[in-house]
Amino acid sequence: MPATQVRRPVFIKKFMKKENKIKFGIPGWTLREPIEELFIKTGYDFKIDERSSAVYIDDPEIDCFFARAKEICPLIERGILDGGIVSKAAIAETKTKLSEICDLSPLMSISGETRLVLAVPEKSKIKLLRDLKGKKIVTRVPEITKEFLRKNKISATIEFSDGANEAKVPGFADALVELTNTGATLKAHNLKILEVLMKDSVILGANEKSLQNKWKRKKMEDLAILLKGARLAREYAGLMLHASNDMMEAVLKILPSLKKPTVTHLRGENWFDVLTVAKKKEIRELIPKLKKIGCTDIVEFPLNKVIT
């Protein structure tokens with residue numbers, strides 16, 4: 001070997017290996033509590049600190065970035081972030097292109113769907129879309145609103161507002177475009193829905209190029225399975241009970257399950273231990289029926305994840 005040629009030690013190459021990590025966007029504000037709950041039920045030690053705009057997670061392979069969903073979307077599209085939790089409304093508002101790994105809705109509520117609606121006061125003279133001509137519309141999604149008006153050939157003034165917009169109609173505007181789940185807030189402000197612009201949902205979205213990296217793809221897909229399972233578990237609960245042999249036919253007829261209930265014969269007795277999973281709304285109807293059949297030791301218990 002020539003005297004000027006130096007071979008790099010093998011151990012240096014080993015420690016220069018690029019660290020496996022995904023950069024992941026986490027939105028806060030209205031989504032903070034449900035997202036924290038979701039990650040905790042997934043099994044993570046997870047905390048969002050809105051004051052310092054920081055996110056703590058006990059996984060060294062996930063580097064979390066805290067921002068609004070509308071800020072996260074373009075960062076994922078550009079590849080600055082590998083993925084994140086965003087809404088379809090935020091994607092539409094920022095006109096970005098992401099790959100959807102999974103849908104986490106309904107994240108805010110286990111009942112009803114989230115819709116982006118155009119609403120007006122109940123006593124408003126605005127009865128049809130064409131009546132919006134020359135009116136003022138307040139919204140936090142001006143780009144979506146602008147496109148909606150363009151498609152319907154309506155000329156109206158759009159004013160951006162990121163606050164409690166329901167309270168601004170009719171005092172400061174004639175109508176608003178806002179997200180609603182149950183419609184209770186709109187009703188409380190004497191507003192009625194004139195048109196539904198789109199159905200919204202919360203998704204785990206990813207950068208297309210990041211998904212071409214096998215390690216990053218697997219990491220985000222595995223995370224999606226856990227988050228989806230934790231989200232689904234909000235709707236379900238476990239149910240355990242004891243039933244005699246004479247009761248079993250009646251019990252099995254009314255028990256719903258993701259598959260079939262698990263039935264275990266109690267040793268030395270003519271009784272069975274029955275274990276099943278059902279929706280919480282179904283369980284509140286089931287328990288009185290099971291009690292009337294004669295079942296004993298009925299126990300309902302929470303679930304952290306439901307993986308189907």
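Guide: Start with angles: they run from 0 to 180 degrees between N-to-C directions, along axes fitted to C-alpha atoms. Keep in mind that this model is predicted.

Visitor: Which strands does helix H9 lie across, and at what angle does H9 run to E13?

Guide: Helix H9 spans residues 280-293. H9 lies across E13, strand E15 (271-279) and E16. The angle to E13 is about 15°.

Visitor: What is the strand order in the sheet that holds E13 and E16?

Guide: Read the order as E14-E15-E13-E16. This is an open sheet of four strands, with antiparallel pairing. Strand E14 (262-265) and strand E16 (296-301) are at the edges. Each has a single partner strand, so one side of each lacks a neighbour in the sheet. Neighbouring strands are turned by 15° against each other on average, direction ignored.

Visitor: How many bridges pair E13 with E16?

Guide: Four, in the antiparallel sense. Strand E13 covers residues 236-244. For one example, find Met240: its bridge partner in E16 is Val299.

Visitor: What order do the strands take in the five-stranded sheet?

Guide: E9-E8-E10-E7-E11, in an open sheet with mixed pairing. The edge strands are E9 (157-160) and E11 (191-200), each pairing on one side only. From one strand to the next, the twist averages 25°. Inside the sheet, E8 (residues 136-139) and E10 (residues 175-180) run parallel, joined by three bridges. There, Ile137 stands opposite Ala175 of E10.

Visitor: Which helix lies across E7, E8, E9, E10 and E11?

Guide: Helix H5, residues 142-151. H5 runs at about 170° to E9.

Visitor: How do helices H2 and H7 cross?

Guide: Use the cut-off: 65 to 115 degrees counts as roughly perpendicular. Helix H2 (residues 32-42) and helix H7 (residues 214-233) cross at roughly 110°. They are therefore roughly perpendicular to each other. Their axes come within 8 Å. H2 brings Leu38, Phe39, Lys41 and Thr42 to the contact. H7 brings Leu223, Leu226, Leu227, Ala230 and Arg231. By class, that makes six nonpolar, one polar and two charged residues.

Visitor: Now a single residue. Is Thr96 buried or exposed?

Guide: Apply the limit: buried means under 20% relative accessible area. Thr96 has 11% relative accessibility, so Thr96 counts as buried. Look for Thr96 in the loop between helix H4 (88-94) and strand E6 (99-103).

Visitor: What does Thr96 touch?

Guide: Leave out residues up to four places away in sequence, and Thr96 touches Cys73, Pro74, Glu77 and Ile91. A polar contact of 3.0 Å also links the side chains of Thr96 and Thr94.

Terms used:
Residues numbered from 1 in each chain as written. Predicted model: local features only at pLDDT ≥ 70, side-chain atom pairs only at ≥ 80, totals over all residues. Heavy atoms only, no water. Pairing = 2+ DSSP bridges. Helix = DSSP H or I, 4+ residues; strand = E, 2+ residues; numbered from the N terminus. Contact = heavy atoms within 4.5 Å. Parallel < 35°, antiparallel > 145°, perpendicular 65-115°, else oblique. Nonpolar A, V, L, I, M, F, W, Y, C, P; charged D, E, K, R; others polar. Buried < 20%, exposed > 50% of the residue type's maximum accessible area, 1.4 Å probe, protein only. Polar contact = N/O pair within 3.5 Å; in protein donor to acceptor, adjacent residues only side chain to side chain.
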